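Dear colleague,

Please find below the structure that I am handing over to you. The findings follow directly after it.

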Amino acid sequence: MKLVLATLALSLAAAPAMAATGPFFSLGNTDFIVLLAFLLFVGVLLYFRVPREVGKMLDKRADGIRAELDDARGLREEAQSLLASYERKQKDVQTQADRIVSNARDEANRSAEQAKIDIEKSIQRRLTAAEEQIQSAQDKAVREVRDQAVTVAIAAARQVITEKMTAQRANKMIDDSIQTVGAKLH
């Protein structure tokens, strides 16, 4: 309403309205006719309460915009809380993944150390078994050499005895053996 009165006051005080020739308040003056048409138009607008309806529409539009802004703020806050929640979850998942990787590395290192220990034990067992086999083979070879030496010595002794033994000598040896056994038994 104040806007209408201000517009009316300005239109009356305007210099071009005063520039027309002849009396201002006559139907021959176009400026006066334009003023009357304008006032009639403003009057019709006021009669049909257009400014009030425009105000209501503007208020309704402002309320709608305000509601949309409130909804947008709510959505923004919800989005921010969801973002913060997802960021926390992502950090938690990253921490858990780091922990899993660390545990896997530790387990792999422990398994590698255990495998080294097992391999060393296996090598030690194999070395021991090989040394035992070598010792057994040496002992067997020594026994075979001794057995062979005994066999050779017996054969050589038999040959020497058969070549050098006479019946007299054999009888004398038997008698000496009997006396030695008799002396040792009594």
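In what follows, a residue is called buried under 20% relative accessible area, exposed over 50%, and partly exposed in between, with a 1.4 Å probe and protein chains only. By that rule Phe48 is exposed, with a relative accessible area of 56%.

Please note that this is a predicted model, in which local features need pLDDT of at least 70 and side-chain atom pairs count only at pLDDT 80 or more, while totals for chains, interfaces and linings use all residues. Residues are numbered from 1 along each chain as its sequence is written, and side-chain values use heavy atoms, with hydrogens and water left out.

Overall picture

The protein has 5 helices and 0 strands; both kinds of element are DSSP runs numbered from the N terminus, helices being H or I with at least four residues and strands E with at least two. The mean pLDDT, the predictor's confidence in each residue from 0 to 100, is 85, and 88% of residues reach 70 or more. Confidence is lowest in H2, at a mean of 50, and highest in H3, at 92. Of the 186 residues, 4% count as buried. The accessible surface, computed by the Shrake-Rupley method with a 1.4 Å probe and, for residues, only the protein chains shown as cover, comes to about 16,400 Å², of which 62% belongs to carbon and sulfur atoms.

Asn29 lies in the loop between helix H2 (15–18) and H3 and counts as buried, at 4% relative accessibility. Its side chain reaches the backbone nitrogen of Asp31 at 3.1 Å.

The structure holds 1 aromatic pair. Rings of Phe, Tyr and Trp (its six-membered ring) pair if their centres lie within 6.5 Å; planes under 30 degrees apart count as stacked, over 60 as edge-to-face and the rest as tilted. The rings of Tyr47 and Phe48 have centres 5.1 Å apart and planes at 80°, so this pair is edge-to-face. Tyr47 is exposed as well, with a relative accessible area of 65%.

Val54, in helix H4, is partly exposed at 37%.

Arg49 sits in the loop between H3 and H4 and is partly exposed, at 48%. Its phi is near 55°, a positive value in a residue other than glycine. Most residues other than glycine have a negative phi.

Salt bridges

The structure holds 5 salt bridges, each defined as a side-chain nitrogen of Lys or Arg within 4 Å of a carboxyl oxygen of Asp or Glu. Among them are the following:

- Asp63 with Arg66, the closest N and O atoms being 2.8 Å apart; both lie in helix H4, 3 residues apart, about one turn of the helix.
- Asp70 with Arg73, at 3.0 Å from N to O; Asp70 is partly exposed at 42%, and Arg73 at 48%.
- Lys116 with Glu113, at 3.9 Å between the closest N and O atoms; both are in helix H4.

With kind regards

Key
Polar contact = N/O pair within 3.5 Å; in protein donor to acceptor, adjacent residues only side chain to side chain.
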